[in-house]
Amino acid sequence: MSGDKVICEDCVTGYLKTGETKGDTKTIGTVQAYFTPSSSHKSEKAIVIIGDIFGWEFINARLYADEIARQTGFLVVLPDLMKGYAAPADALMKPPVGFVNSILHKAKMVPMIYSSGRAIMALKPDAVLDLAHGVLNDLRASYGIKSIGVHGFCFGGKYSILLGNKGPNDTPSPVQAFAAGHPSLLKIPGDVENIDPTIPGFLQYAESDFMVSEKNRQDIDHIIQEKSFSNLKTKLYPGTKHGFCLKSNDDDEKERATATEATTDAAQFFASKL
């Protein structure tokens with residue numbers, strides 16, 4: 001069961017992006033959030049992005065949000081749902097090159113994974129979802145948003161899927177579409193079998209992923225077939241590792257192209273479904 005896996009090496013390994021972000025920050029619900037192209041952007045549609053272990057201030061996540069906003073024209077919001085537990089961006093470690101560097105890298109990973117894993121486990125799902133619902137409610141009440149999609153990665157992938165679930169007593173999902181890039185901490189079948197079948201969903205898989213293994217993907221496919229989730233689509237990106245959507249190496253042509261493909265796929269999904 002994927003939910004037994006707290007964190008993996010690829011969660012905290014990757015490449016830091018460079019660039020100038022376009023948005024601004026503002027309180028929404030009870031949390032701070034990054035808005036792009038700006039908090040004054042007029043749209044009846046919004047995408048809420050729930051980041052990975054590096055949280056809402058991570059430049060990679062903000063640049064990703066900027067690109068999704070550019071491609072869709074929607075308001076995109078990246079809220080702080082980690083209550084101060086996000087790992088600092090300077091903790092991101094590049095993948096090692098060579099045997100000796102690999103050994104040293106793994107030695108450094110052990111305390112980081114342990115510390116980050118403890119922090120993640122301190123975040124109770126109900127508390128995170130309460131913060132998310134506050135964001136969704138405020139988007140509708142204060143920003144005139146009528147249609148909302150949610151897109152999560154790693155840590156955030158679980159919560160985008162949970163927000164795509166039916167509510168208590170089979171009430172509808174609070175969002176109109178959801179997507180998850182290489183999600184973590186999934187409880188299978190529980191987090192998947194209660195998805196609202198009336199809303200579109202999109203799962204973006206890494207080929208090599210400790211968090212969502214090939215067996216996990218097969219189990220999810222079985223649930224999709226068994227429950228006739230015709231609105232839930234999946235895509236496997238060959239040659240990728242957990243984290244590829246946000247933390248790819250822009251200097252590697254293949255990695256950059258695959259990450260770009262995943263970004264465009266997500267933008268087109270929301271543009272067509274919201």
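Predicted model: local features only at pLDDT ≥ 70, side-chain atom pairs only at ≥ 80, totals over all residues.

Student: Okay. How many helices and strands does the chain have?
Tutor: Eight helices and eight strands.

Student: What share of the residues counts as buried?
Tutor: Of the 274 residues in the chain, 54% count as buried. The chain exposes about 12400 Å², and carbon and sulfur atoms supply 52% of that area.

Student: And the contacts, what part comes from residues 24 or more positions apart?
Tutor: Taking contacts with a separation of 6 or more, 81% are between residues 24 or more positions apart.

Student: Now the backbone. Which residues does the peptide bond with omega near 5° link?
Tutor: Thr 36 and Pro 37, and that bond is cis. Pro 37 sits in the loop between strand E2 (31–36) and strand E3 (45–50).

Student: Where is the cis bond with omega about 15°?
Tutor: That one joins Ile 188 and Pro 189. Pro 189 is in the loop between strand E6 (177–181) and helix H5 (190–193).

Student: Why flag these at all?
Tutor: Because most peptide bonds are trans, and most residues other than glycine have a negative phi.

Student: Is Cys 154 buried or exposed?
Tutor: Buried, because its relative accessibility is 5% and the cut-off for buried is under 20%.

Student: What about Asn 169, what's its phi?
Tutor: Near 55°, a positive value in a residue that isn't glycine. Asn 169 lies in the loop between H4 and E6. Asn 169 is exposed, at 77% relative accessible area.

Student: Switching topic: where does Thr 240 sit?
Tutor: In strand E8, which covers residues 232–241. Thr 240 is buried, with a relative accessible area of 6%.

Student: What does its side chain reach?
Tutor: The side chain of Thr 240 gets to the backbone oxygen of Tyr 237, at 2.5 Å.

Student: And which residues is Thr 240 in contact with, leaving aside neighbours within four places in sequence?
Tutor: Tyr 205, Ala 206, Glu 207, Ser 208 and Thr 258.

Student: How does the lining of the second largest pocket divide by residue type?
Tutor: Five nonpolar, six polar and seven charged.

Student: Last one: where is Ser 230?
Tutor: In the loop between helix H6 (214–227) and E8. Ser 230 counts as exposed, at 53% relative accessibility.

Student: How far is its C-alpha from that of Pro 200?
Tutor: The C-alpha atoms of Ser 230 and Pro 200 are separated by 8.5 Å, with the two residues 30 apart along the chain.

Note on methods: Residues numbered from 1 in each chain as written. Heavy atoms only, no water. Helix = DSSP H or I, 4+ residues; strand = E, 2+ residues; numbered from the N terminus. Buried < 20%, exposed > 50% of the residue type's maximum accessible area, 1.4 Å probe, protein only. Contact = heavy atoms within 4.5 Å. Areas by Shrake-Rupley, 256 points an atom, 1.4 Å probe, with all protein chains shown as cover. Polar contact = N/O pair within 3.5 Å; in protein donor to acceptor, adjacent residues only side chain to side chain. Nonpolar A, V, L, I, M, F, W, Y, C, P; charged D, E, K, R; others polar.
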